[in-house]
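Me: Hi! I have a structure open and would like to talk it through with you. Could you take a look?

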Amino acid sequence: MAEVSLKHIYKVYPNGTKAVNDFNMQIEDKEFIVFVGPSGCGKSTTLRMIAGLEDVSAGELKIGDLVVNDVEPKDRDIAMVFQNYALYPHMTVYENIAFGLRLRKLSKEEIHKRVVEAADILGITEYLGKKPKEMSGGQRQRVALGRAIVREPKVMLLDEPLSNLDAKLRTQMRAEISKLHSKLQTTFIYVTHDQVEAMTMGTRIVVMKDGFVQQIDTPKNLYNYPENKFVASFIGTPQMNFFEGTLCKTGEEVIIKFDYANVEIKVPYSMLYKAKPAYLDGKTKVYIGLRAEDISLASEEDNNKKAVIKAVVSHKEELGNETLVYGDINLNGGETESPTKIVLKDNSGKEIKTGDIIGVALNLERIRLFDKETERSVLPRVPEYNYLDCEVKNGKLCFLGAELGLPQAVKCPDGKYQALIPANAVTAGGSIKAKAVSCEDINGVKLLSLTLGGKRLYAVNADYDGGETVNVGLDFKKITLIADGKNIVEPMPENSTLSCKFVKRKAVKTEEINGKSKRVKTVNFGFEINGAFFAVSDAVSQKIFAALGMKKALAASLKLECRAEDFAVSENGIAAEAEEFLNFGGEKFIRCKAGADTVYVKTEKEYSGVVYLMPDFEKAGVVETERDIKII
Ligand code: ADP
């Protein structure tokens, strides 16, 4: 039983293929995690890195409390099940299952007990005396599972274990593996390219594409709230319908216009509160996504929760309990690859034939929208920003009928602006009174929806104890004010970066040996920043060596990433020039220049001239510059 932690994990193969990029995930004890994605997306490589069969190029991989980057596979307390079973043909089933335990020199009695128990769990007791070739694919895979479970591993790794089996057996084994997981109460990590397998087995699923994680979520959330068009299209059958179009806000309604077809529908603006206003200009192109089950043949009762449009039927597929009806919302269209084709699920039993013009009802609440360029959701579950019109007048920021004094650090002439206020910049306990609408926990992020001056305002992770009225304020260091397309006020960067090298220094220290002081030669590892050397703890050194190897670590150009609160102004440290004192009211900072780097430092005192900065290396991030890989 163990947690598995992957921090900034990369895999670059010797031929330069970047198979896995910045994989971050905390897998909890006893979870059933599925890595899913099309062939070549990096899922097996990630699993093989966890197993220790591939080196980790950068990042930190932990099983339980142990960093395992350099730990041999046999010492990782894992067991792996492969697609091709990998059984020894000359051994009986019993011997195959017992083999690993013999190597580990367990007693005969213990081996026998474990083999019999595993065979019983897997229903293969009667085959223990047989050879693998006398067994079916499903039975062989059970033997492979048996060999894994007798090792009582902390983590079970399964690489496409069912893909050699026929469809019926696959469904059966799927259920059996799920049962096995609940029985063993062990962490399972399972790789498949089959989304149905992923959806039916995983407690959480990692969807990957081209070496990048697309989304990590529960099956239900992936289905209901895909973060991008790829996830939306990969999960669910038949594939989600995607139309192209634009959104135009008029008053409290938004008109969704479908390109290449003479179709428009209206939805209430409240459905699009989380969208960036730029999407509602009637010009910015979006994908309109709707699943087949959210479209039906229009009936008399379709109320205002649905929009009825027309389509011409091209063909249909009878599935027994329901019919998939294919058609086109461009009544003159009908080409299979057109962006106006539609598929819907019908279970009304109505007679429909090719060429019929039918009314189809779209369930408006289930419409998903994606940016045409980036393919990211236009309606993120947790909105990053509030987009507001505001005015600066007499040193005050006026927005949504509220007023806040600008702190000294925000310098901005009077005038009208657009404000970009991150949801995490709306803080609890300020002087603005807003009304609370809802508070949701979205994958551990607390999203508070407020209304202020009749408009929506989102706050993320602001302390909220319930109640109708909430006092909120703004964290001014995070906001952007824009006039005529130019940023007049920029947010303070969350991290400052410092160019550095990782170096080895010889040192001499004095030690007490048998009551006598002796000078002993030692070696220190640390960062060289702007000409100064800073020794770091063994823990930090080991992380860097784990990610890059000793030779590369000492040659690479690195960047240290530090938050403003993780610097101290001290007697010695990195020499820097204090350029400006920034007073945000509650918090104060100095902006400094260290060599070519600009650094923000949290402080209470106003400094000027030369200062010496001491970063907290235990809290700093480290990036390898050449490949732009975050290693800590
Ligand atoms: P998946 O399991 O999702 O099908 P893999 O993890 O096997 O994908 O592969 C990810 C990428 O890495 C692919 O582009 C693949 O061609 C490449 N790759 C896999 N193994 C090697 C290797 N040993 N050397 C070079 N490239 C590899």
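Me: Is Arg102 buried, partly exposed or exposed?
Reply: This is a predicted model, and in it Arg102 has a relative accessible area of 45%. Buried would need under 20% and exposed over 50%, so Arg102 counts as partly exposed.

Me: Where is Arg102 placed?
Reply: Arg102 is part of helix H2, which covers residues 93-103.

Me: And what is Arg102 in contact with, leaving aside neighbours within four places in sequence?
Reply: Tyr94, Glu95 and Ile111.

Me: How far apart are Arg102 and Ala596 in space?
Reply: Their C-alpha atoms are 61 Å apart, and 494 residues separate the pair in sequence.

Me: Changing topic: which residues surround the ligand?
Reply: The ligand has Tyr13, Asn15, Thr17 and Ala19 around it, along with Pro38, Ser39, Gly40, Cys41, Gly42, Lys43, Ser44 and Thr45. By class, that shell has seven polar, four nonpolar and one charged residues. Helix H1 (residues 43-51) gives the largest share, three residues.

Me: How much of the ligand does the protein bury?
Reply: The protein buries 62% of the 560 Å² that the ligand exposes when taken alone.

Me: What about the largest nonpolar core, which members touch the most others?
Reply: That core has 45 residues, and the ones touching the most other members are Ile97, Ile124, Leu145, Met156, Ile177, Tyr190 and Val207. Apart from it there is another core, of 40 residues, including Leu397, Phe399, Ala425 and Leu582.

Me: Last topic, the backbone. Which peptide bond is cis?
Reply: The bond from Thr237 to Pro238 is cis, with omega near -10°. Pro238 sits in the loop between helix H8 (229-234) and strand E11 (241-250).

Me: And what is the phi of Glu152, and of Asn461?
Reply: Glu152 has phi near 45°, a positive value in a residue other than glycine. Asn461 is not a glycine either, and its phi is positive at about 60°. Glu152 is in the loop between helix H4 (137-149) and strand E7 (155-159), while Asn461 is in the loop between strands E27 (455-460) and E28 (469-474).

Definitions and conventions
Residues are numbered from 1 along each chain as its sequence is written. This is a predicted model: local features need pLDDT of at least 70, side-chain atom pairs count only at pLDDT 80 or more; totals for chains, interfaces and linings use all residues. Side-chain values use heavy atoms; hydrogens and water are left out. A nonpolar core is a set of buried Ala, Val, Leu, Ile, Met, Phe, Trp, Tyr and Cys residues joined through side-chain atoms within 4.5 Å. Buried means under 20% relative accessible area, exposed over 50%, partly exposed in between (1.4 Å probe, protein chains only). A residue is near a molecule or strand if one of its heavy atoms lies within 4 Å of it. Accessible areas come from the Shrake-Rupley method with a 1.4 Å probe; for residues, only the protein chains shown count as cover. Helices (H or I, at least four residues) and strands (E, at least two) are DSSP runs, numbered from the N terminus. Ala, Val, Leu, Ile, Met, Phe, Trp, Tyr, Cys and Pro count as nonpolar, Asp, Glu, Lys and Arg as charged, and the others, Gly among them, as polar. Contact means heavy atoms within 4.5 Å.
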